[in-house]
Protein chains: 2
Amino acid sequence: MDKPDVGELTPPDRTLMGPGPSEVHPRVLRAMSTPLVGHLDPSFVEIMDEVQDLLRYTFRTDNQWTIPVSGTGSASMETAIGNLVEPGDTMLVPTNGYFGGRMASMAERAGGEVVHVDAPWGEPLDPADVAAAFDEHQPDVFGFVHAETSTGVLQPDVAELTAIAHEHDAYVVADTVTSLGGVEMRVDEWDVDVAYAGPQKCLSCPPGASPLTLNDRAMAKVLDREEPARSWYLDLSLLEGYWGDERAYHHTAPITNVYALREALRLVAEEGIEARWDRHREMAGALKSGVEAMGLEMNAPEEYWLPSLNAVRVPDGVEDTDVTAYLLDQYDLEIATGLGDLDGEIFRIGCMGYSARPETVSYLVSALGDALREFGADVDVEAGLAATSRKLGE
Amino acid sequence: MDKPDVGELTPPDRTLMGPGPSEVHPRVLRAMSTPLVGHLDPSFVEIMDEVQDLLRYTFRTDNQWTIPVSGTGSASMETAIGNLVEPGDTMLVPTNGYFGGRMASMAERAGGEVVHVDAPWGEPLDPADVAAAFDEHQPDVFGFVHAETSTGVLQPDVAELTAIAHEHDAYVVADTVTSLGGVEMRVDEWDVDVAYAGPQKCLSCPPGASPLTLNDRAMAKVLDREEPARSWYLDLSLLEGYWGDERAYHHTAPITNVYALREALRLVAEEGIEARWDRHREMAGALKSGVEAMGLEMNAPEEYWLPSLNAVRVPDGVEDTDVTAYLLDQYDLEIATGLGDLDGEIFRIGCMGYSARPETVSYLVSALGDALREFGADVDVEAGLAATSRKLGE
């Protein structure tokens, strides 16, 4: 416990094209250096209202219960699952990626029983399989991952999945961590009961206050629980006192993170949510064209390609970690390797929020091409650059 | 879900002398606008090491398990209690303030049974009562509040309390939310097994990453649990994978909040922890002299006066909320009213971290005197100002 010798904070200047955090817009960084007001200050209550309105706009919902949870994305995830799942409830979760597994662990800790609907890593759920799982298990809660960060797969047919669940009187929880603000997600129109997200993906906001929305039906289940949620910090019936009409003290909100989220969401509204979805498709499309023209293969077919997280297959003979380390060292560029069943098989290249812009996409294609060539892959870097440039010029 | 019309972020410029958040040092605000690196970036791992070292210095401990929890103070509190208390364990908690009640709620949700050691709101625990409660209940875990934010009471005799607990083979959890970095707390010397804190009090750091330390004995209990902790997000055995030697992904750390905490703790180390404790006593001492000379009464006697949170009795005939609203409106100055058993009876005036400096203390005494006079209290504002000024000149 001697006095540590710690110098000035001088982290490297990275280009962030991994699975998150994405790069943060300068206006959001500036908002974070705003001096604080108290978490019960009348001016902060106004800011809370504004953030809730902006979140509703971004989630495409009129849900009253739309708040930032005071923690990173996994906190909003556990707030959703830990409140909705009561001891004795059955939750149906997918097996097609890392985050279905996390859902299962959270549901079990909440006292729930977990059943599965299967799909391989790298593929979406098939509605027929979901319907069969409902018939077999009659779950109370169904969770699915809209945008699987571990596999780069977009779950299509959301409205079809929610319809199956509602025919069975179940509640639907959607993981929109890597889609909110970057990929089309319509909470109300698609009849999603609960959705959660992280701020550090397509919203390009530093992690620390994480979006959550519940419709009245889901909130009624939460408020009718026989025993309280197993976490005090994440108990929605208590959070309702702070974020609802009463504005009563529960815990100290992460004020600066709420400031930042407000500014990040203001940028979403300025751009327009649909224009923002389009931009993600266009920028990631240019990235995809480039890596494909280079001779690489996307892991997901076009129908369930996830623009915000591009899973690119590692070419034969190349060690994935050699490439990611080289990109970090030589280019100050972060991308990630695969996880779980796709470990060693894919690169995960994010194209999210402020990182989804022409400069970063061009830089990525150029740097990745160089790195792969460095490690002996047979890639046509020039063709890749030309394809990306063409797409960006469209 | 129309596009909300939300303007630039322009919160008022408050002087923060409430129970937290305190004012944030400009260097810490500046650190928060630093662009992000990834949460698994080698440079971030180095920053994590530095923050852990700085936290050890501040807690006065060599504990390996010393980390910032990814949430506000209540998150580090629930991480401590939710991991240490297993289903079937008995936890002894105090009744002398708001935060003992929160401990009880968290322990029950963790599956524990709660027993109490009594003391009135506004008084510390008596070691004899603690010993008697141990004899009667034989608890497994004993929680106490070192610095009660709801009452302005400092718990003396910490080493005496921990000795009683350890004679009974129990684990001690200390709430140091309002003492860490401002009031003497020596985790190792006083034999505290687990301590948690919030960053937005005497560390003057925006809330969002909250200090926690456990000794090996407590961590062994956590790692030996028969069933996992009830929160995935706050599960220390999983957090250990990220903050321990492995540095494996668990959740996305609140990177910017870790940057801020690093800078705030660097300021602690630069000042020196003991010099910082002295400054808090001196600044709050000047505040206390001022309000006493004005004719007001402190709620706590000198022996357990808490410099970081000064509980001042509301003079007869004055409505507490009139005064706090006037201070906010006329002076942009935040102080708080009482809670629970002391509702309406005290003002709670923080003197923490960067808010514990001559300018803010003088301003507080002057503004509070004016407000009380405005609402008809018989206060000698001039005598108060003179007393504060004398103390600040010493």
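Let's start with strand β10 (residues 210-214) of chain A: five of its five residues are buried, so the strand is largely enclosed by the rest of the structure. Buried here means that 20 or more other C-beta atoms lie within 10 Å of a residue's own; exposed means 12 or fewer, partly exposed is in between, and the C-beta atoms are placed from the backbone. Strands (E, at least two residues) and helices (H or I, at least four) are DSSP runs, numbered from the N terminus.

Before going on, a word on the model: it is predicted, so local features need pLDDT of at least 70 and side-chain atom pairs count only at pLDDT 80 or more, while totals for chains, interfaces and linings use all residues. Residues are numbered from 1 along each chain as its sequence is written, with chains lettered from A and ligands numbered from 1 in the order in which they are written.

Back to β10(A). Both of its faces are covered: S210(A), L212(A) and L214(A) are buried on one side, and P211(A) and T213(A) on the other. Now for its partners, where two strands pair if DSSP finds at least two bridges between them.

| β2(A), residues 65-69 | antiparallel | five | W65(A) |

Next up is helix α8 (residues 236-243) of chain A, whose buried residues are L236(A), L239(A), Y242(A) and W243(A). They cover an arc of only 105° around the axis, which puts them on the same side of α8(A). That arc is taken from the directions from the helix axis to the C-beta atoms. What covers them?

How do the two chains relate? A rotation of 180° with 0.0 Å of shift along its axis superposes chain A on chain B, with an RMSD of 0.0 Å. The two copies are thus related as by a two-fold rotation axis. In chain A, G71(A) comes closest to the axis, its C-alpha being 2.4 Å away.

Finally, hop over to chain B, where A286(B) sits in helix α10 (residues 273-293). A286(B) is buried, with 24 other C-beta atoms within 10 Å. Its C-alpha is 9.6 Å from that of L385(B), which is 99 residues away along the chain.

Notes
Least-squares fit on C-alpha atoms with pLDDT ≥ 70 in both.
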